[in-house]
Amino acid sequence: MQRRQIVVVGGGLAGTATALGFAEAGFDTLLAAPPAPEDKRSSAILGRSLAFLAELGIIEALQDRQAPLAVMRIVDDTGRLFRAPTVEFRASEIGLTAFGINALNADLAAALGACTGRSDRLEIRELKATDLTLEEDRAVVTLEDGTEIGADLVVAADGRRSPMREAAGIKAREWRYPQTAIVLNFDHTIDHNAVSTEFHTRTGPFTQVPLPGRRSSLVWVEEPKLAELYIDLKPEKLGQTIAEKMHWILGDVTIDGPIARYPLGGAKVERLTDRRLALVGEAGHAFPPIGAQGLNLGLRDAEALIRLVGESRDDPGSRVTMRRYEAARRSDISSRTAGVDMLNRSLLMDFLPVQAARSGGLTAMSLVPPLRQFAMREGLVPGAGLTGLPRSVRKWIGGDHAGRDHVE
Ligand SMILES: Cc1cc2nc3c(=O)[nH]c(=O)nc-3n(C[C@H](O)[C@H](O)[C@H](O)COP(=O)(O)OP(=O)(O)OC[C@H]3O[C@@H](n4cnc5c(N)ncnc54)[C@H](O)[C@@H]3O)c2cc1C
């Protein structure tokens with residue numbers, strides 16, 4: 001039987017970054033990554049996740065295929081009785097040049113591919129994992145060609161249905177929302193000026209995120225039947241509809257490339273670890289694409305796991321390390337899952353007290369700068385709301401403005 005210190009199952013963005021991170025930290029690593037269809041989405045990478053990717057050389061490898069995110073704006077477009085004022089979160093207000101970057105997932109995958117190619121401790125097999133056995137002193141992954149690989153630690157980064165999680169008998173509670181996300185990219189005639197605008201509508205958020213040039217990506221959450229009607233529109237008519245829904249802030253809109261649809265759902269797992277097994281990315285948590293949280297959370301999983309395993313190098317998958325990983329990630333994952341769920345459901349509910357609470361929260365955010373600044377820091381690095389942003393993050397997105405620093 002072949003043997004590795006770490007086997008990562010799943011070559012999505014979270015799995016590939018995890019495998020590269022382990023290899024760069026000096027662990028013999030194997031990544032089981034069957035070919036997957038090209039991902040047409042884009043991802044906003046923020047705060048600590050950006051620092052993690054930057055340390056691995058991925059942000060540099062992206063070159064000019066990334067757009068900075070300097071301002072995040074929330075516009076209440078629900079037309080309800082209780083409406084919130086527009087809230088603008090400016091990176092400069094907390095001493096940063098940007099909150100992070102936005103890039104196409106295909107470009108992120110290519111940049112990751114360029115970096116994995118340089119790492120001599122990482123082997124990639126383009127094969128599915130078909131079985132997993134967990135023992136006290138090792139885990140065994142079976143690949144689809146019948147090869148068995150023994151490992152000190154297996155990382156399941158095999159997505160929200162996670163066959164490895166299932167093989168380990170870890171239960172997940174899944175739920176669906178009555179919503180579909182329409183995902184596309186578009187060109188526009190007015191500069192976005194590094195501003196992302198999230199319109200809160202009665203059917204869900206409608207979010208534009210800058211790409212390089214006069215181009216943006218869109219995640220438009222709609223009722224499933226309406227979503228299908230919009231997707232069937234002629235591209236010119238759809239472009240006009242999008243421009244209207246955005247109140248023409250970016251001028252005329254031209255759809256660029258294919259349109260994808262994602263039925264929205266969420267998942268919560270009973271635990272993130274087992275004997276010699278750790279879940280990373282959507283294998284460990286899933287929720288709707290609101291506020292650019294999913295991949296950022298997955299990258300924070302990866303960063304924490306690599307750090308903790310690095311602190312007990314003699315036995316990478318020990319019980320103690322698994323327990324520490326579970327403890328380190330629980331509250332970040334639970335609070336993000338609950339926060340996104342609450343925001344999404346509050347948009348869908350017509351119940352007046354819920355609308356009052358939602359608009360009250362946003363009003364307070366718009367009127368009280370310390371509250372807004374707290375939310376911005378907390379959004380970038382969990383726990384940094386009060387203490388200030390760590391140097392490792394400021395190093396990549398820090399500006400010349402005065403801001404509170406935190407020495408690690
Ligand atoms: C419309 C939309 C927009 C989004 N925008 C953002 C954003 O701006 N910012 C953000 O942070 N997040 C965003 N997200 C969330 C983010 O895209 C996901 O959290 C992230 O892509 C999940 O990555 P992953 O690697 O965990 O899972 P996946 O991308 O699902 O990767 C899992 C991989 O495992 C592989 N696999 C499955 N089974 C096996 C097996 N048996 N053996 C080997 N491999 C296997 C699959 O082929 C796949 O490649 C968005 C999500 C959606 C739907």
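In this predicted model, strand E3 and strand E7 (residues 100–104) run antiparallel and are joined by 5 bridges. Within this part of the fold, isoleucine 45 sits opposite isoleucine 101 of E7. As a reminder, strands of a sheet pair through backbone hydrogen bonds, in either a parallel or an antiparallel way. The two strands belong to an open sheet of 3 strands, ordered E3-E7-E4 with antiparallel pairing. E3 and strand E4 (67–69) are at the edges and have a single partner strand each, so one side of each is left without a neighbour in the sheet. From one strand to the next, the twist averages 30°. Helix H4 (residues 105–116) lies across E3 and E7, and its direction is at about 95° to E7.

Attention now turns to a pair of helices. Helix H2 (residues 47–55) packs with helix H8 (residues 294–310) at an angle of about 55°, the axes being 9 Å apart. Angles from 65 to 115 degrees would count as roughly perpendicular and those under 35 as roughly parallel; H2 and H8 are therefore oblique to each other. Their crossing is left-handed. On the H2 side, Arg48, Ser49, Phe52 and Leu53 take part, meeting Asn296, Leu299, Arg300, Ala302 and Glu303 of H8. The residues of this contact comprise 4 nonpolar, 2 polar and 3 charged.

Methods: Residues are numbered from 1 along each chain as its sequence is written. This is a predicted model: local features need pLDDT of at least 70, side-chain atom pairs count only at pLDDT 80 or more; totals for chains, interfaces and linings use all residues. Axes are lines fitted to C-alpha atoms, for helices over the stretch in contact, and angles run from 0 to 180 degrees between N-to-C directions. Helices (H or I, at least four residues) and strands (E, at least two) are DSSP runs, numbered from the N terminus. Angles under 35 degrees count as roughly parallel, over 145 as roughly antiparallel, 65 to 115 as roughly perpendicular and the rest as oblique. A crossing is left-handed if the near helix is turned anticlockwise from the far one by less than a right angle, and right-handed if clockwise. Two residues are in contact if their C-beta atoms, placed from the backbone, lie within 7 Å. Ala, Val, Leu, Ile, Met, Phe, Trp, Tyr, Cys and Pro count as nonpolar, Asp, Glu, Lys and Arg as charged, and the others, Gly among them, as polar. Two strands pair if DSSP finds at least two bridges between them.
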